[in-house]
Amino acid sequence: MNRCAKTEVPAELLKEQERYTQLAKAKVAEIYYGRTPKYHVHSYGCQLNVSDGEKLKGQLEAMGYVETGAVEDADFVIYNTCAVRENAEDRAFGNLGALKNQKRRRPSMLIAICGCMTQQQHNADRIKKSFPFVDIVFGTHAMYRLPEMVCSRLMGRGRVFETEENNCDIVEGMPVHRDSGFKAWLPIMYGCDNFCSYCIVPYVRGRERSRRPEEVVKEARQIVEGGYKEIMLLGQNVNSYGVGLEENINFSELLRRIDAIEGDYRIRFMTSHPKDCTRELIDTIAESKHVCHHIHLPVQCGSNRILKLMNRRYTVEKYIELIDYAREKIPDVTFTSDIIVGFPGETYEDFCLTLELLKRVRFNALYTFIYSKREGTVAAKMEDPIPYEDKSRWFRELLAVQEEIAESYYRNMVGKRVRVLPEELGKTEGTITGRDDGNNIVNIKAPESLIGSFVEVDIDTAFNWAVGGTVAE
Ligand code: 5AD
Ligand code: SF4
C-alpha cells in the first residue's frame, strides 16, 4: 500500500493562506461596503464532513463573513458534499440547482461545492458542464487553500477547479468555527485503507494518515479548557490510529492520554472497525474516567459469506466474541451498528442471518442503509440480481425487528438514573433532549437553560426510539 511519507502541510504554506485571507478580507469589505456579508455552509454525510465544514466556516469568518442559517440570505454558499450513497449526491445536486436563480438575482454572490463528491472525476465534470454558475469546486485535500481560491475568484479570474488527487495531507492549526458551545469534534485521523468492497471512501478521502498524538492531545486540552462537555474523536477507522506515525502508539494509548486531562467532560469516538477492535481497547474504556460506555461497531451484515464479499475481514463469530468480552468487562456498555441491506448477491437467507445477529447482540440503535452502487468500487462490478423492491421489503423487516429490540431495551431503562448532556429543545413544549453516556436519546421535562450542562435524569417513560424522564432531585 502506498502510504504517505510526509503528511503535514508545512507551516509556510499555511502562512501563505493567512496572507490570502487578509487579501480576501479587504476585497470582501470593498464589495460589501456598508454591510457584513453572510455565508451559509451545509455539510452532508458523516461527522468528519461536519467537522471539515466547521473549518470552512472558520476560514470564511476570518475573511469577514458571518454565518446565516438561511441559504437565500447568503452571499457565499458552500455545499460540502458526501459520496457514500447515491441519495446524498442527488440531494447535493438538487440543492445546487436551486441556487441558479439566487445567483441570477445576486450576481456578486459566490457558490462553492467541495468534499467527497467533487473528488470523483465524473461529478467534477458534471459540475463543470451543467452548473456553470458554480464559482469554486474543490476536493477534500484542497480545503485549507480556500482563501487563495476565494481571492482568485474575487479578483475576477475564471472559475476555480481544485479537484486533483493529492489527498495525503494533514493540516494543523486551521481556524475553526465550532457549531456547538458544548460538543466538539476532534478528528484524529483521515482517509481509509480498508477498501470494503462497497465503499467509496478510500477513493475520495485518500490513504489513512494519523495526526500526531501531541497535536490531538493539545486540541483536546484546549477543548476541555474551553468548557466543552463532550469530545467526539473522529476517524473512518479509529482502531488503526497510529499506523505510519514516527512514535509507536495505538488508539488505546491515545485514549489514555486524552482521558488523563482533568475536567468535567466525556469522550466519545467513532468509527471502530471490528477487525481492529482489540481487547486492549475494551480494557482501556473500562478503566477510563471519561470515555463513554458506548461502542459504535458497524457489523454491516450477519452472513460470513457476505462479510467476505464485502472485504470486512472478520467473521460473525469474532464479532460476537468481542461483544461478549466487552459486556463482561463493562456491564453497562451499549452498542450501535451500521447495517447494509441488499449487498450484491445477498440472498434472503443471508439477510435472515443479519436478523439473527441483531437478536443475539441487541444493539440499542442502528444506522441502516440499502446498498447503493458506487462506481469505481469492487462491488459495483458484482452481479446484483435482487430487485430494489425486495431489498426495500427486507429493509422494512429489519426495521421492525430492531424496533422491537430497542423498545424492550428502553422499557428496561425505566426506573434507572442516567447522566445526560441536553443538546437542544425537544419536540414537545417544556422539554429538552440529549444523549446519555450510553448514547440513548433522552427527552427531559426541563427548562432550556439546562442545555449544554450534564444533568442526572430519572427515566420514567419508554418510546420506541428514545426514553423520557425528569431531572433527579
Ligand atoms: N451503500 C450503502 N451503505 C454504505 N455505507 C458505505 N458505503 C455504502 C454503500 N455503497 C454505509 C456503511 C458504513 C456507513 C458509514 O455507510 O454501513 O458503515
Ligand atoms: Fe468505507 Fe470500510 Fe473505510 Fe468504513 S472502513 S470508510 S466502510 S472502506
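Which residue in S16 is the bridge partner of Val-420? In this predicted model, the bridge partner of Val-420 in S16 is Asp-436.

Strand S16 comprises residues 431-436, and five bridges connect it to S15, the two strands running antiparallel. Together S15 and S16 make up a hairpin with five residues between the strands. Within this hairpin, Gly-430 adopts a positive phi near 80°. One of the residue pairs involved is Val-418 with its bridge partner Val-457 in S18.

The next element to consider is an open sheet built from three strands in the order S7-S10-S11, where the pairing is parallel. Strand S7 (183-187) and strand S11 (266-270) stand at the edges; each has a single partner strand, and therefore one side of each is left without a neighbour in the sheet. On average, neighbouring strands of this sheet are turned by 25° against each other, with direction ignored. Between S7 and strand S10 (residues 230-234) there are five bridges, in the parallel sense. In this part of the model, Leu-186 stands opposite Leu-233 in S10. A helix accompanies the sheet: helix H2, made of residues 47-62, lies across S7, S10 and S11. Helix H2 runs at about 100° to S7.

A further open sheet also has three strands, arranged in the order S12-S13-S14 with parallel pairing. Its edges are strand S12 (294-296) and S14; because each has a single partner strand, one side of each is left without a neighbour in the sheet. The twist from one strand to the next averages 10°. S12 and S13 run parallel and are joined by three bridges. In this pairing, His-294 has Thr-334 in S13 as its bridge partner.

This sheet leads directly to ligand 1. Strand S13 (334-341) and strand S14 (365-370) each contribute at least two residues to the shell around ligand 1. Among the residues that surround the ligand are Asp-338, Ile-340, Phe-369 and Ile-370. The shell also includes Val-84, Tyr-371, Ser-372 and Arg-374. By class, the residues of this shell divide into six nonpolar, two polar and three charged.

Which atoms of the protein lie 2.8 Å and 2.7 Å from an oxygen atom of ligand 1? At 2.8 Å from an oxygen atom of the ligand lies a polar side-chain atom of Arg-85. At 2.7 Å from an oxygen atom of the ligand lies a polar side-chain atom of Gln-300. Tyr-198 takes part through its backbone, one polar atom of which is 3.0 Å from a nitrogen atom of ligand 1. On its own, ligand 1 has 400 Å² of accessible area, and the protein covers 85% of it.

Technical notes: Residues are numbered from 1 along each chain as its sequence is written. Chains are lettered from A and ligands numbered from 1 in the order in which they are written. This is a predicted model: local features need pLDDT of at least 70, side-chain atom pairs count only at pLDDT 80 or more; totals for chains, interfaces and linings use all residues. Side-chain values use heavy atoms; hydrogens and water are left out. A residue is near a molecule or strand if one of its heavy atoms lies within 4 Å of it. A polar contact is a pair of N or O atoms within 3.5 Å; within protein, one must be able to donate a hydrogen and the other to accept it, and residues adjacent in sequence count only if both atoms are side-chain atoms. Accessible areas come from the Shrake-Rupley method with a 1.4 Å probe; for residues, only the protein chains shown count as cover. Helices (H or I, at least four residues) and strands (E, at least two) are DSSP runs, numbered from the N terminus. Ala, Val, Leu, Ile, Met, Phe, Trp, Tyr, Cys and Pro count as nonpolar, Asp, Glu, Lys and Arg as charged, and the others, Gly among them, as polar. Two strands pair if DSSP finds at least two bridges between them. Axes are lines fitted to C-alpha atoms, for helices over the stretch in contact, and angles run from 0 to 180 degrees between N-to-C directions. Contact means heavy atoms within 4.5 Å.
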